[in-house]
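This briefing is meant for someone meeting the structure for the first time. Please look over the sequence and the model below before reading on.

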Amino acid sequence: MTAPIKFYQTGTFTVGNRLLAPEQRSVQSSLERSNSLNSGHRACQGCGEALGARYAVDAAMRATKGRLIAANATGCLEVFSTPYPETSWQLPWIHSLFGNAAAVGTGIAAAMKVKGRSDVRVIAQGGDGGTTDIGFGCLSGMFERNDDVLYICYDNEAYMNTGVQRSSATPPAARTATTMAVGADPGALFGQGKNVPLIAMAHEIPYVATATVADLRDLEAKVERAMTIRGARYLHILVPCPLGWGAASQDTIKLARLARETGLFPVFEAEKGEVTTVTKIRRRVPVEEYLRPQKRFSHIFGAKGHPQMLERIQAQADRNIRRFGLLEDAQ
Amino acid sequence: MTMQKPFAITLDPGSSLANKTGTWRTERPVYVDRLPPCNAQCPAGEDIQGWLFHAESGDYESAWRHLTRDNPFPAIMGRVCYHSCEGACNRGKIDAAVGINSVERFLGDEALKRGWQFKVPEKESGKHVLVVGAGPSGMSAAYHLRRMGHRVTVKEAGPLLGGMMRFGIPKYRLPRDVLEAEMQRVIAMGVKVELNARVANIVDSMHEGAFDAAFLAVGAHIAKRAFIPAKDSSRILDAVAVLRSMEGEEKPMLGRRVVVYGGGNTAIDVARTAKRLGATEAIIVYRRTRERMPAHDFEVEEALEEGVMVKWLSTIRQADEGALTIEKMVLDEKGNPQPTGELETLAADSLVLALGQDVDLSLLEGVPGLEIKDGVVQVDPATLMTGHPGLFAGGDMVPAERNVTVAVGHGKKAARNIDAWLRGVAPAISAKHALATFERINSWYYSDAPKTVRPQLEIARRTSSFDEVQGGLTEDNALFEARRCLSCGNCFECDNCYGVCPDNAVIKLGAGNRFQFNYDYCKGCGVCAAECPCGAIEMVPETV
């Protein structure tokens, strides 16, 4: 006797699925989603960050039944959403400095504790510049004190708002305004940068996770899980930037998907410093497929290209696959 | 009235909704419906993607009703249709084509099991149409004409309903209770059928019955002969007669060693029938090679599995008592068989000729305006009307591929055109959507799943009986199979566009109502079009 086959056409790959039971459906497929980041914002066409922010905050809004306050670091997300006197945010939202969103989040959480409002939850959010560089001290402090804040980093791998300068999240070989595609080692150098999800794990905080805008259901599940936990939590979301990456606006989700399928961006969850789940690669592809559509890597290819750079990036992906066990056992 | 504002603040807080970012757009997304390749391929004009959509949610009655808008015989189709739709299916390029035919059969069987009936027309048109022939084409036309409110009388020369479906297709492919039930369901709509009612002359019959129009679908029942020098004692039969006599009390006497001459599906049917009647050897003699055989490959395969043998590149030179003289052939550069002079003897108790069929056109003698060419009636391919006004024809008696599905499609097409002709209006020609090609599918979004294989009766069992060879799907499997459909080119409400828009510029209209773009805010990034699984969104340049 075999078990009945469960098969739902697109399963959870698509945003919605009429064949699933209502309780199995995503926040984003719902007519009642909060649209925390409303229309009319001034993000570029195909902005991954605008998309990632709505995905994450809407999921947090559902998990907290709308009792949510956000602190927001300076950066693209803040600039495009709140040009005076307009705002796109449909929740209590505080603009912090570039570097202190984590500390402001800590403060709000402390205030809620004093007021006895344990029902109101706090998120702090920013881009990779405000998180991995400028706000890193405050973030580390929030982690080590285990403050009751979910910090969300929208990682588009450079300072896009100010004109695409390198951050410590910029990948090797990527061209930015400060890592020009010139000389013997064009683009960002190999061997530089930092991996903040792993650093967050080193603080042994209750929950650390990575996600991309290409896998909505995974992202929503991680936000939901994070909101069931008290203490410091960190969610790192890869959000492609058509402008800074030199990519077509319609390719935002495709690139995020390829980042995961190549192994360059491992998607996982960790609790108290230990990896608990890993999202396996479904259709493995060489890194070239991910790099080619992005002008920031165009100097790698062509007649005067740098094939050794391609090899090094592929080696990086292969290492991630080994290190995090990104392949199914059968593969 | 101004509110007290903090220092350096001069404006009230506002919403970004005031900022109509739609003005940035250079391209706009639009929802489109494209023609799925299965639908484009279907000779009966079924909206396959459309009925699978209902089946996917387990709403089998809606699926069946949607299907039968175009084809009233899903249980028959699910057994005898050669399902060229599956050959065109885009899913075939991912893993394996959707088992459309098996889901169709499931729906057809479900309808028979649950007793679903067709709706009787609400209004009568007052027109009376004569249909000649109760085969697939005639009964399909009768169904569609009745749905349109016309009075329909079917005159059938034979003693039973179904035409070639009964007298040409063996029981092991189409059980007679299924055939009868789907025919009776059409009659239950108020279609009158007269059996054993041969029409001798169509003009006289129309005049006698005061019919307003007629559809002819008499089929092709006359076996073609080939000249083979034969001794009187040799036993030579034709395939049509053999298959027809299978319906009667007296089964044909074929003997233990049966040779079938021909390479079409009928030759295969006869050989498989001979096996079931107890022949120890059933040998098909065919002049060309397997690649060039007109019979469908899966039927050849099934026949070979059952022990039917084939002598390729062979022709029959002479028939004697108990033996045939066979000549080996070779293919020339053009692929035509040429004799080699090399002869051999093949033991045979009987020889069955399966060399094609001709149409009995005697009922058309003296009808003005008709054109007959190559033994078939010429019709306007767009309307199926013959050169005689009000007289339409379809099925095997007009120039077309000869199979049940084509015939059923003719019935529908003729009915629409007869209806238009009766009302004195031009037939409505609906513009076809552009094809939903595989390149437009974003295959990432579909779960991986192989095609469910219909259980086949064990070979041993099927050669000794006339039980149905192909089994049906269980409900679980049918649902699984339906859900493998990619819904090519037609929105299936997966909410992807609604979710992936960075600007919330997609309005969800609720179940069954699809979506709308909010062009006030859509910046035209194209993410929705790129991430639409089925290719139902197109980017169109804005006019300046």
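In this predicted model, 50 residues of chain A are in contact with 52 residues of chain B. The points below begin with the interface between these chains and then turn to chain B taken by itself.

**The interface between chain A and chain B**

- The size of an interface is often given as the accessible area lost when the parts come together.
- Chain A and chain B bury about 4600 Å² between them, and carbon and sulfur atoms carry 50% of that area.
- On the side of chain A, the residues A:Phe7, A:Gln9 and A:Arg18 supply 17% of the area that this chain buries against chain B, which is more than any other three residues.
- There are 3 salt bridges between chain A and chain B, including one in which the side chain of A:Arg18 meets that of B:Glu56 at 2.8 Å, N to O.

**The fold of chain B**

- The secondary structure of chain B is made up of 18 helices and 22 strands, and its C-alpha trace spans about 120 × 55 × 50 Å along the principal axes.
- Among the contacts in chain B with a separation of 6 or more, 71% are between residues 24 or more positions apart.

- Chain B has 544 residues, of which 56% count as buried.
- The accessible surface of chain B comes to about 23400 Å², with 52% of it belonging to carbon and sulfur atoms.
- Chain B carries 63 positive and 70 negative side chains, and the centres of these two sets lie 2 Å apart.

Terms used:
Residues are numbered from 1 along each chain as its sequence is written. Chains are lettered from A and ligands numbered from 1 in the order in which they are written. This is a predicted model: local features need pLDDT of at least 70, side-chain atom pairs count only at pLDDT 80 or more; totals for chains, interfaces and linings use all residues. Side-chain values use heavy atoms; hydrogens and water are left out. Helices (H or I, at least four residues) and strands (E, at least two) are DSSP runs, numbered from the N terminus. Buried means under 20% relative accessible area, exposed over 50%, partly exposed in between (1.4 Å probe, protein chains only). Contact means heavy atoms within 4.5 Å. Accessible areas come from the Shrake-Rupley method with a 1.4 Å probe; for residues, only the protein chains shown count as cover. Lys and Arg count as positive and Asp and Glu as negative; His and the chain ends are not counted. The place of a charge is taken as NZ of Lys, CZ of Arg, CG of Asp or CD of Glu. Buried area is the accessible area (1.4 Å probe) that two parts lose on being put together, summed over both. A salt bridge is a side-chain nitrogen of Lys or Arg within 4 Å of a carboxyl oxygen of Asp or Glu.
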